[in-house]
Amino acid sequence: MATLEFTSVRKAFGTTEVISDVSLQIPHGSFTVFVGPSGCGKSTLLRLVAGLEEITSGRISIDGKDVTFTRSSERGIAMVFQSYALYPHMTVAQNIGFALKMAGKPRDEITRRVNEAAAVLQLQTLLNRRPGELSGGQRQRVAIGRAIVREPKVFLFDEPLSNLDAALRTQMRVELAQLHKRLGATMVYVTHDQVEAMTLADQIVVVNKGQIEQVGGPLELYARPKTVFVAGFIGSPKMNLIEGDYAAARGLHTFGIRPEHIDVVATDGAPWTGVVQFSERLGSDTFLHVDVDGIGRVVARSTGDTNLTGGERIGLSPKQGHEHGFDSENRAIDRSRMNVV
């Protein structure tokens with residue numbers, strides 16, 4: 001386990017800058033998730049840590065040691081990729097222990113470490129199988145086992161669940177969380193899926209256009225987003241972000257309210273009224289897409305048994321104390337400065 005630190009890190013490909021002056025500390029033993037849209041630079045940050053890309057300027061340190069120009073194999077890291085990258089002709093045991101074999105470790109040590117990793121990942125009964133005989137989730141566990149046996153200081157995960165179906169992704173999220181708890185290791189995880197970020201991380205780093213928008217715990221980012229980008233990216237469905245006259249009347253450039261903080265009420269005397277355009281029924285919840293008079297499209301969360309259909313006029317009421325405000329530079333405004341009456 002180790003701390004990981006970025007100091008004024010920049011990365012450019014030719015004249016195109018993809019990482020802009022990133023400084024960040026990842027605590028010892030944390031599960032830190034880099035999250036952001038495709039092309040934001042999150043995977044590049046991970047590749048810089050792994051030594052798969054050279055930084056343009058700045059410094060990367062692992063456990064207090066500058067590794068900026070250290071070879072990847074000497075950094076004390078292990079990486080799990082989106083593709084499993086398993087050797088099809090090798091057994092599970094051989095795949096897991098391959099790096100140890102290449103490093104010249106004794107056979108009995110390789111066997112011990114492979115068995116220990118297999119026990120952690122519940123692969124004991126699969127050690128003699130080949131990758132073609134495994135499910136996607138089992139293959140991903142083998143790839144993780146290959147990282148575990150190296151006993152790294154830092155684990156790096158680059159969108160490892162994106163090839164799995166929805167049910168397997170949910171299962172693997174649970175398994176990864178339990179693995180982190182058992183190992184107590186420093187883990188850095190890249191994803192574009194904010195649900196993965198919210199459920200796995202104790203620290204989330206929101207990345208946008210090569211820069212860090214905000215760093216914090218999942219609930220902190222959810223409850224107190226510092227920018228419009230974070231407000232719109234963290235949360236599913238995303239926060240309603242309203243501009244125009246409604247926001248300006250409250251001294252804001254953008255007014256924000258989350259779907260779960262909007263109540264469906266009678267139209268008489270309702271702060272907002274509008275027409276339901278679409279009901280998104282998810283079983284436990286129903287998300288109502290409503291064209292609100294003078295505001296535009298708003299999403300409100302209601303109970304799963306809500307029986308509202310397209311074309312019906314309804315009333316909506318934002319819950320006081322849950323409003324968000326942002327200025328013309330897309331930065332959060334303290335609620336005490338908002339006119340939300």
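Modeller: Here is a quick tour by topic.

Modeller: This is a predicted model, where local features need pLDDT of at least 70, side-chain atom pairs count only at pLDDT 80 or more, and totals for chains, interfaces and linings use all residues. Numbering runs from 1 along each chain as its sequence is written, and side-chain values use heavy atoms, leaving out hydrogens and water.

Biologist: Is helix α1 mostly covered or mostly open?

Modeller: Mostly covered: 7 of the 9 residues in α1 (42-50) are buried. Buried means under 20% relative accessible area, exposed over 50%, partly exposed in between (1.4 Å probe, protein chains only). Helices are DSSP runs of H or I, at least four residues, and strands are runs of E, at least two, numbered from the N terminus.

Biologist: Which residues of α1 are buried?

Modeller: K42, T44, L45, L46, L48, V49 and A50.

Biologist: What follows α1?

Modeller: G51 does, and its phi is positive, near 80 degrees.

Biologist: New topic. Where is E329?

Modeller: E329 sits in the loop between strands β18 (324-326) and β19 (332-333).

Biologist: Is E329 buried or exposed?

Modeller: Exposed, because its relative accessible area is 64%.

Biologist: How far is E329 from G256?

Modeller: Their C-alpha atoms are separated by 15 Å, and the two residues are 73 apart along the chain.
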